[in-house]
Amino acid sequence: MQPVFRYTHVDTPIHRLHPLVKLAYVLLTLVVVMYPIQASDMIVLLTWLAFSAVLWAVARIELARFATLFKILAGTFVFLLLIQGFTYRGGHTPLITLGHLKLWEADLGVITVEGVWFGLVLCVRILVATSSLPLFVMTTPASAIMTALGKLRVPQTATFMFISALSFTSLIFEMWGSIVEAQKLRAFDIDSMNLVKRAVKAYVPIITPLILLLFRRANDFQIAMETKGFGAPVKPTEIEVVSARLADYLWLALVLAVFAFCTWLEFAR
Amino acid sequence: MVSEDLAISLSDVTFSYEGDVVALQGLNLAARRGEFVVVLGANGAGKSTLCYLLSGIVPHIYGGRRRGEVSVAGLDPWDVPLYETSRRLGVLMQDPEVQLFMPTLRTELAFGPANLGVPREEILRRSREALSLVRLDGLEEHNPRDLSGGQKQRAALAAVLTMDPRVLVLDEPTSQLDPLGRWEVVEAIQRLKEKGELTIVMTTHETEEVLHLADQVLVLEQGRTVLQGTPAQVFGQPERLEAAGVKTPALVHIRSRVCPVAGSPEGVADVTVRQVADDIRTSVQAGRLRIDAAAVPPPRPPDAARPTILEARRLSVRYPGPPPVTALRDVSLEIRQGEFVGIIGQNGSGKSTLVKCFAGLLRPQEGEVLFRGESLSRLSVGGIARRIGLVLQNPDYQLFTASCSEEIRFGLRNVGVPRDEVEPRVREALRLVGLEAQAELFPFRLSFGDRRKLAVAATMALGPEVLIMDEPTTAQDHRGRYQLAELARRFHEERGATVLVITHDVDLIARYAQRLIVLCEGRVLLDGATAEVFMQVEELKKSFVVPPVAAQVARALAPLGVPPHVITPEQLYRVLGLVQGGAA
């Protein structure tokens, strides 16, 4: 199985974009999602999400990958909608009434329209926050990320840890799948267990071999890196020549403009 | 004092890991520039430790104590940091997956020299040269993870070559590859040798593939040198090699058996099928050997009266990707009760996908799998585990308990075996695989071969009617391969179980399997009695499968009356009257 959020070499304006412009987009996304949370934020978040969707489309990233991101987050979304629906303090318009259980200001038996709306705002906020980094990773080769972070004076070890963590994430998924299969062959089927049973006992036969394998893999990884001169006390050669072009400045201007518009929407109303 | 023209010099070297496990004892080795040294030995003989010692991985990553003198390209790797050694020595390991971590081949190749601050233009020049040498030109922008097994290992080799080493250490570089991948990697290594600039040390279990490359052969057993010399000197002692757990190349084995009658033992290293066939022909014509075609009767056709135990009906399996891959295309076949079936084919031909469908791990998008006529989808996970046991390639995916016996108990409890039956079954399973003495040992303290045996024991303990082994020979030494195959044979004979073995080892499968299925690009290419399948040489080429060496010799001797269904050395000896015995 291939990792979903992996760099794919395609020739698009987003792939050609200077990594620092993409990094600026990621950082500004984080600023947008950290604005004070209000129920009226939806328009701001949808504007930024629409901008992100345009970037995904220009980068020619398949919708299936976005669907995967949505699937990963689906459980969190349902949880947020339910918990906010039942407990939102500002909720007063009943949507579904299951009974009445007053706890301080909230009625835990009633799902309110305002609560569901606030839950939706939180869901979109999470979606906005989580959609920017995959775009960066899927359109920027690791060497360009390293060069860009190097220009920001991030130490090489820290940069390489970031790159390694990305490749280890997909490795963990692959190993997890193989271990689940191996245990299923001995009639241990984690997929058929309920959440409580999983939490109580199911993870030991899965997580123990996973940890042992990861230690071993990390060891092999260290050998492969260090026998290729990693850690030598010299300035590593920059292989990627990343120089800014006019298009990069234009894209940066666009990112800043959308950010400014969102900020105006957030604070000027 | 080390001579200056020696690229590698080891003088009376002894090495112990922390905890005083002695891994190498009194080792001596001298190799000049351009020399190719092959290191052989069973698992645990010290081959990898020797690679670690040469490349500085010990003591810089694995600690230990060393005595004696070591010089590699003028350095003692013990005394300098690893990055200094990496300027002069490159190391390629078994598993290509752990050596490739960059998103494109171009950046992968640049990683090493960039770490050493080599100028950009020089890195690009070296990368072009290395890619051309391993024949991966044009794939610079590909993600290394998307390449085939052989391509990955060649990419890893190219990434080592861009470091511009003087000495190259290859630690079982082909052990995890299929025949095509092995051929590709060996061909790249051969080109390196032909350039004559690098001193190469290569460890392997695949003696056939290095026979023609080696200038010097070193055979280790429990850390000691038991044989050392030219290929002719070393391979001329098959009994000593067997004792050290090293496979004598089948052709050399046949020649040494025929030689006392047919010719001289000289030149064993570059012997060919034609030469051996010519020797035998000369001996037959001179009356020194006689052909008894009846000594090996033709293979019996599959017993149609046996009930079908497993059936694949029009199976199609697609993996969504990216990129999407069709692993099985409309595959239909029946496995009869009590058969011993071999499954061969290139990586990606659908072998593992097929057996995963048989074990209920994969649901095909189309078609179904039946066990004794009942759809597998109607059986629970426990129900399948009691009937069909699949031993995966890597035992480490399943081992997690504190002892070997507990590892076996785990499955038995899951399938609901009564308490009073559990302990006898645990003891029996450990006895079957010869691990009784290690019953209370932490599984990860076992060797890789023994961990595999433990995984087999854990499966056998469940008492399945069908035992499937997925590539039990991968990364396994000669002795370990046959031990696992013997386990399968005993389970087949003593319990009447049906056995399916996936492997790339045609010599092994020729010896054990009654029936052979060849998969190619997700389809069944050939299916029949093992000897009959190996007779279809042209069809086998489509799947890059080469028949066993004995079958090739028999084919060359067909005009003399050697039956074409001879596929093992033992059968050949029987036909030549060198051993007495019944049918195979």
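Predicted model: local features only at pLDDT ≥ 70, side-chain atom pairs only at ≥ 80, totals over all residues.
Residues are numbered from 1 along each chain as written, and chains are lettered from A in written order. Local features need pLDDT of at least 70, side-chain atom pairs count only at pLDDT 80 or more, and totals for chains, interfaces and linings use all residues.

User: How many residues does the contact take from chain A and from chain B?
Analyst: Two residues are in contact if their C-beta atoms, placed from the backbone, lie within 7 Å. Counted per chain, the contact takes 44 residues from chain A and 48 residues from chain B.

User: Which element gives the largest share of the side of chain A that touches chain B?
Analyst: Helices here are DSSP runs (H or I, at least four residues), and strands are runs of E, at least two, all numbered from the N terminus. Helix 6 (142-151), helix 7 (156-184) and helix 9 (204-226) of chain A each give two or more residues. The largest share, 13 residues, comes from helix 9 of chain A.

User: What is the strand order of the open sheet in chain B?
Analyst: Two strands pair if DSSP finds at least two bridges between them. The sheet has 6 strands with mixed pairing. Strand 5 (89-92) and strand 9 (224-229) of chain B are the edges, each pairing on one side only. The order is 5-6-7-3-8-9.
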